[in-house]
Amino acid sequence: MKMVTRTVDLRSDTVTKPSDVMRAAMANADVDDDALGTDPTAFQLESEVAKVMGKEAAVFVPSGTMGNLIAVLVHCEIRGSEVILGDDSHIHVYENGGISTFGGVHPKTIKNNPDGTMDIDKIEAAIRTPTDSLYYPTTRLICLENTQANCGGRCISAEYTDKVGEIAKKHGLKLHIDGARIFNASIALRVPVHRLVQAADSVSVCLSKGLGAPAGSVLVGSKNFIAKARRLRKALGGCMRQVGVLCAAAYVALSENVSKLEDDHRKAKIIAEGLSQIEQFSVDAKSVETNMVFFTILDTSVLSPKRLCQVLEERGVLVLPSSSTSIRIVLHYQISDNDVNYALTCIKQAVHQILTEASPNNGN
Ligand SMILES: Cc1ncc(COP(=O)(O)O)c(C=O)c1O
């Protein structure tokens, strides 16, 4: 096995290490007991995120998963509620079915299109009301995800979100946005983040993804919504004491790292272009809008995602399989241009190595 001399971690934008400025802010944070509502640094972060998102109030939560769970449970507090959401949405696929387990909320999935949207007419057709039939649950919420991670980090436009918001209003429903990477969408679309979420009743914003904080998300919405969210956060065990230590790092992430996202997007495009030159892969470089690149391996009989990930790991390049035929690469601000070049070189070498091992005469 080769000696690994460097690591380029492209598994996710959640792998960043807190910067020196974040660590200093954590060490010096002014803190108090947040369960008593008196942590000044939590208050500062929550106020700032509410302002940036154009909503009345905000609450810090330990994770994006908890932010989404609380939002769905608040909007669907009546037993027998149904939520309409994408079949490839994080809430549906990766959050342990929490909305059903803890909230008894029934998911009604709509197919996510490759651009991350769901067809508006399909959303409207899926809405069910108590007067429809004795047999149906009652739709109370629609969820969108921006950027839509599993569709390749695609951006959902303000216009589309407005249309979904109109449908929601027309039928007396609420609209929640899983905005784990909403700042990526804002930067890529060049639309202020508050405009992107204008139609939403609530948004869960992750600070620990592309913005690089070590932990935490902020849920925003109306004062009434956030008051209910605070009660649920307590019930779920997500209310922490001197949480200002985490909020201080998150505040640095928000102040310093939003502007760096553009560079992540540029590097993602370079990776996608590089991968599209490799004949064993299929990658739609044009669909790379933010910091994620998904590529498909055309023939996985020898070159499987698992094997490619293994060989890359031996070279210090960390990536994750996203299916039995595809791999996901995610950029973040601790990846340099040099790392991007190194990763591309390693990927080419790894493909060559695997093919040569399988059939020594073919790889040359
Ligand atoms: C789109 C999306 N939403 C929500 C989450 C959940 O965030 P967390 O891992 O902080 O629970 C993630 C995590 O990767 C995500 O990608």
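**Reading the fold of a predicted protein model**

Modeller: Two residues are in contact if their C-beta atoms, placed from the backbone, lie within 7 Å. Among contacts in the protein between residues at least 6 apart in sequence, 72% join residues at least 24 apart. This is a predicted model, in which local features need pLDDT of at least 70 and side-chain atom pairs count only at pLDDT 80 or more, while totals for chains, interfaces and linings use all residues. Residues are numbered from 1 along each chain as its sequence is written.

Biologist: How many helices and strands does the protein have?

Modeller: Helices (H or I, at least four residues) and strands (E, at least two) are DSSP runs, numbered from the N terminus. The protein has 14 helices and 13 strands. Its radius of gyration, taken over C-alpha atoms, is 22 Å, close to the 21 Å that the globule rule (2.2 Å times the number of residues to the power 0.38) gives for 364 residues, so the protein is as compact as a globular protein of that length.

Biologist: Is T131 buried or exposed?

Modeller: A residue is buried if 20 or more other C-beta atoms, placed from the backbone, lie within 10 Å of its own, exposed if 12 or fewer, and partly exposed in between. T131 has 8 such atoms within 10 Å and is therefore exposed. T131 is placed in the loop between helix 6 (120-126) and strand 5 (138-145). Of the 364 residues of the protein, 50% count as buried.

Biologist: Which residues are around the ligand?

Modeller: A residue is near a molecule if its C-beta atom, placed from the backbone, lies within 6 Å of it. The residues around the ligand include S63, H90, E145 and D178.
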